[in-house]
Amino acid sequence: MVDSDERDADAGRAGDSEERAAAANAPGDPDIEDLLAKLDALRDAVDEEHEREKVRQTISLVERMPGTGALAERITKYTSRDLAESFVGAVLFALPLLVEGGVFEIAAWFAATTVAGVPVLLIGHVGFIFLATAGLLYFADFRQIAIRHPIFGLIPRRYAGVLLVSLTTSATMLLFWGRLHEGDPTAVERVGRIAVVWAAAAFGAGLGDILPGESQGEDLGKFDLDIGDD
């Protein structure tokens with residue numbers, strides 16, 4: 001009997017410790033966003049599909065609560081439909097440049113401007129694409145975009161998806177329309193042509209992805225490449 005009471009006391013102390021730890025990790029001034037963040041983490045943690053569905057229903061209920069209309073701007077999932085939307089946006093923004101001769105002139109300028117043989121302007125242009133895309137997705141405030149399941153724990157999936165879809169679209173369309181090799185350009189000029197079109201395509205892909213809001217369908221989180229996961 002004494003042993004049982006001691007075990008109950010130990011269990012009670014352990015429970016109190018866990019509650020104190022949870023309270024210590026909780027935000028000092030919690031709001032709806034904190035609740036949704038916790039629900040998102042719970043959705044990722046549960047194993048059974050019916051449990052995940054219950055969590056999704058709870059999230060949907062919270063988002064429909066009075067006074068939370070701004071949460072309609074929130075995007076947490078990344079689905080195959082987002083990839084399709086990025087592709088459509090990339091095509092729409094890339095099309096005008098495919099018939100524009102100025103693309104060739106800019107590419108030639110990139111190839112001709114070098115430092116110790118390095119096309120510095122071309123490299124700077126690619127860096128601009130990376131920065132502008134990140135700014136559009138995460139800092140322009142079109143939508144509140146949550147970063148979940150980053151690739152290798154570092155690269156946001158939506159950011160990588162927008163860049164890869166737009167780059168592939170730009171290179172493929174230049175090739176199919178006979179614009180990549182026209183005029184017998186050098187290898188650097190070909191890369192420059194792709195990079196010029198890529199800048200517009202990346203912008204279009206980002207807008208095509210985020211402006212419609214959160215897409216329906218299954219989150220691609222199951223393809224998470226985080227090396228820390230089992």
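Biologist: On what basis are the values computed?

Modeller: The model is predicted, so local features need pLDDT of at least 70 and side-chain atom pairs count only at pLDDT 80 or more, while totals for chains, interfaces and linings use all residues. Residues are numbered from 1 along each chain as its sequence is written, and side-chain values use heavy atoms, with hydrogens and water left out.

Biologist: In what order do the elements of the protein run from the N terminus on?

Modeller: Helices (H or I, at least four residues) and strands (E, at least two) are DSSP runs, numbered from the N terminus. The protein has 8 helices and 2 strands. Their order is α-α-α-β-α-α-α-β-α-α.

Biologist: What percentage of the 230 residues in the protein is buried?

Modeller: Buried means under 20% relative accessible area, exposed over 50%, and partly exposed in between (1.4 Å probe, protein chains only). By that criterion, the buried share of the 230 residues is 36%.

Biologist: How are α4 and α7 oriented relative to each other?

Modeller: Axes are lines fitted to C-alpha atoms, for helices over the stretch in contact, and angles run from 0 to 180 degrees between N-to-C directions. Helix α4 (residues 80-98) packs against helix α7 (residues 157-176) at about 40 degrees, with axes 9 Å apart. Angles under 35 degrees count as roughly parallel, over 145 as roughly antiparallel, 65 to 115 as roughly perpendicular and the rest as oblique. The relation of α4 to α7 is therefore oblique.

Biologist: Which residues of α6 and α7 meet?

Modeller: The axes of α6 and α7 come within 10 Å and cross at roughly 130 degrees, so these two helices are oblique to each other. Contact means heavy atoms within 4.5 Å. On the α7 side the residues are R158, Y159, V162 and L163, and on the α6 side they are I129, F130, T133, A134, L137 and Y138.

Biologist: Is S170 buried or exposed?

Modeller: S170 is placed in helix α7. Leaving aside its neighbours within four places in sequence, S170 is in contact with I194, V197, W198 and A201. Because its relative accessibility is 0%, S170 counts as buried.

Biologist: Which residues does L174 contact, leaving aside its neighbours within four places in sequence?

Modeller: L174 is one of the two residues that touch the most other members of the largest nonpolar core, and it also takes part in the contact of α7 with α4. Beyond those excluded neighbours, its contacts are L98, R179, L180, R193, I194 and V197.

Biologist: What separates the C-alpha atoms of T186 and A108?

Modeller: T186 lies in the loop between α7 and α8, and its relative accessibility of 43% is why T186 counts as partly exposed. T186 and A108 are 78 residues apart along the chain, and the separation of their C-alpha atoms is 8.8 Å.

Methods: A nonpolar core is a set of buried Ala, Val, Leu, Ile, Met, Phe, Trp, Tyr and Cys residues joined through side-chain atoms within 4.5 Å.
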